2 protein chains.
Amino acid sequence: MKIHNFGAGPCILPQEVFQKAAAAVLDLNQSGLSILEISHRSVAFDEIIDNAQNLAKELLDIPKGYKVLFLQGGASLQFSMVPMNFLPQDGKAAYLDTGVWSSKAIKEASLFGEVLTVASSKDKNYSYIPKDFNLPQEASYFHITTNNTIYGSEIFEDYDVAIPLIADMSSDIFSRKIDVSKYDLIYAGAQKNVGPAGVTIVIVKEAFLEKKARLVPTMLDYQVHAKNDSLFNTPPVFPIYVSMLNLEWLKSQGGVEKIEYQNLQKAELLYQEIERNSLFKGNVETASRSRMNVTFSAIDEDIEKRFLSVCKEKGIHGIKGHRLSGGFRASLYNALPLSSVEYLVETMKDFESSKS
Amino acid sequence: MKIHNFGAGPCILPQEVFQKAAAAVLDLNQSGLSILEISHRSVAFDEIIDNAQNLAKELLDIPKGYKVLFLQGGASLQFSMVPMNFLPQDGKAAYLDTGVWSSKAIKEASLFGEVLTVASSKDKNYSYIPKDFNLPQEASYFHITTNNTIYGSEIFEDYDVAIPLIADMSSDIFSRKIDVSKYDLIYAGAQKNVGPAGVTIVIVKEAFLEKKARLVPTMLDYQVHAKNDSLFNTPPVFPIYVSMLNLEWLKSQGGVEKIEYQNLQKAELLYQEIERNSLFKGNVETASRSRMNVTFSAIDEDIEKRFLSVCKEKGIHGIKGHRLSGGFRASLYNALPLSSVEYLVETMKDFESSKS
């Protein structure tokens, strides 16, 4: 049975990427060596990481004066590295609280300085993106989470703010066009639209790096990684290689603009069905609905249980919602084909018919 | 041409591991999903990480009361995490300086408290392991680097000390029997005898975790990772999977005792040839010679250059020494077969004959 992988991450990547990655595990470019046994100081790996950086720059149209880094530790380590590097001990940082991941980022920042939470949608179980908030101009930076994987909301706007803007884009980077010039630092755990688990992409304005606020342990110092082009120590070779393959695939598909159009199509198709279908309802207010993680609920627990078991029978994988949000979550990352969404929508329709 | 990979790391792993890893990139255990697209919260991954932990425990005969963790950031991040967690601000830590990696660990520790370097072999370009040193009993722990990848020296003794013993075993863990009970914490970047780059193994005594010396950012807190069995955040799924495959292979070979015997054979064969061959000489004093990284020099620069080019012609890969040590370095990790060492020795003999 064909499996349709709607998992929230680590998630589906293109079949072509799996095939090329498997081939390189056996023999990297007819070198006689596996990608798993090459040195990170080799010419072969230099080409890989350069290629990955250049693809990221090209695909996101990153302006001059920015560095693209490949680090370890996931977004969770970035939650600490950002304030450790850029929030002075007697300083303040502004955070927008749009879900669990924002809250975790806030918790880590508060170890290093004062956190000003400018707005929160916690009052309605994070079902919307707050609109009206004032940004304290004394803050060292403003931190946002552009896509809230658990609750299914997304910020589509590149905020125009007077203080440095920092964004956790773990679950929507490369899914839509962004204006990188509006941001001083963007980070993303790779395991959605970048590549497999085990690498974190950081896009940082070089001028911003100069604002380091304290003495930082070497491995947590963005300046060190920038100066060493992500090769201060042994990087996660294979996750970076697969990320390169995945970005090559994205380019071959027509790039971010093209994939954004497809992502919009996929999301609209599913949201329309959720609205139409009498057995389901959406969790998030319309203007804030994520294109990456579509969260919805059944009208009652029995329906929920039955639909989950139908999905299991039908090879619809990873659709159970996060325990904090409940119900269902269909993740529609770049590599998920429109045909999988059509299949899910058909299954929802058939399920409704079978109940009436 | 067959390549004999003597690289210092990321390094050779067993061919069987490459084959199984490649198969899982296409389809993990006939699940219809790639190892690169499964959730770290799935049953499939639970089995993988449990299996990896249990294999590590079995192969190293780890006593009860220890945790095995799989983290990110390499030994380089451990250099900071160790003092951040266990060196109080007004405290002291003892370090043995046996090479560049020890020195880097010392540098990071000195950000957190006072470092007492009990001995150093820097005076002779790290060509020996210091023997006579006094351990200050007021130190919170004693840190050693058991194998010095760059210089080719190794500590074979599990020191019997009265303060907690912490060891960086990045390049010799799983290569020989150790008495884990003598250590409070052992860490190792995986990319030698554990698995591919991108994961770090930590073996820590649970009672030692209680000695946390300060408030630590969540991702840098060993207690957090221990409590969450390495699943606090998304772990590096594929590097952990390949590590599991590699430890399975090690078990199938007869375990650590058997591989230690083979490693000894391989190292003796090569050291004997270096001693016998009139064109080469060893870098390290006999009692401190590493079984993992055999460093040696040619009698002059011309010989060095010529032998390097012979190696290139013959498919002997990764044998150029580190720039700090010069000459040659042949890394003889677990997965390197005896036949590759025999081939290198033959090549050295033929090279000598061709010069006479």
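These notebook entries record what I looked up in the two chains of this predicted model.

**Entry 1: Conventions**

I noted that residues are numbered from 1 along each chain as its sequence is written, and that chains are lettered from A and ligands numbered from 1 in the order in which they are written. Since the model is predicted, local features need pLDDT of at least 70 and side-chain atom pairs count only at pLDDT 80 or more, while totals for chains, interfaces and linings use all residues.

**Entry 2: The contact between the chains**

Two residues are in contact if their C-beta atoms, placed from the backbone, lie within 7 Å. Helices (H or I, at least four residues) and strands (E, at least two) are DSSP runs, numbered from the N terminus.

**Entry 3: Helix 2 of chain B**

I checked the length of helix 2 (residues 43-59) of chain B: its 17 residues should span 24 Å at 1.5 Å a residue, and its end C-alpha atoms are 24 Å apart, which agrees. The expected span is 1.5 Å times one less than the number of residues.

Which residues of helix 2 of chain B are buried? I listed F45(B), I48(B), I49(B), A52(B), Q53(B), L55(B) and A56(B). A residue is buried if 20 or more other C-beta atoms lie within 10 Å of its own, exposed if 12 or fewer, and partly exposed in between, with C-beta atoms placed from the backbone. Viewed down the axis of helix 2 of chain B, its buried residues fall within an arc of 160°, so they line one face of the helix. The arc is that of the directions from the helix axis to the C-beta atoms. These buried residues pack against strand 2 (66-71), strand 10 (200-205) and helix 7 (237-252) of chain B. On the face turned away from the buried side I found the exposed residues V43(B), E47(B) and D50(B).

**Entry 4: The seven-stranded sheet of chain A**

I traced an open sheet of seven strands in chain A, with the order 2-10-9-8-5-3-4 and mixed pairing. Two strands pair if DSSP finds at least two bridges between them. Strand 2 (66-71) and strand 4 (114-120) of chain A are the edge strands, and each pairs on one side only.

I then turned to strand 10 (residues 200-205) of chain A. Six of its six residues are buried, so strand 10 of chain A is largely enclosed by the rest of the structure. T200(A), V202(A) and V204(A) lie on one side, and I201(A), I203(A) and K205(A) on the other. In a regular strand the side chains alternate between the two faces of the sheet. Strand 10 of chain A pairs with strand 2 of chain A in the antiparallel sense over six bridges, and V68(A) has I203(A) as its bridge partner. Five bridges join strand 10 of chain A to strand 9 (residues 185-189) of chain A, again antiparallel, and A188(A) has I201(A) as its bridge partner.

**Entry 5: The three-stranded sheet of chain B**

I found an open sheet of three strands in chain B, with the order 11-12-14 and antiparallel pairing. Strand 11 (280-282) and strand 14 (328-331) of chain B each have a single partner strand, so one side of each is left without a neighbour in the sheet. Four bridges join strand 12 (residues 293-298) to strand 14 of chain B, and F296(B) stands opposite F328(B).

**Entry 6: Backbone details**

Most residues other than glycine have a negative phi, and most peptide bonds are trans. I looked for departures from this. A cis peptide bond joins G9(A) and P10(A), with omega about -5°; another joins G9(B) and P10(B), with omega about -10°. Phi of D61(A) is near 50°, a positive value, and phi of D61(B) is near 55°, also positive. I placed D61(B) in the loop between helix 2 and strand 2 of chain B. D61(B) counts as partly exposed, with 14 C-beta neighbours inside 10 Å.
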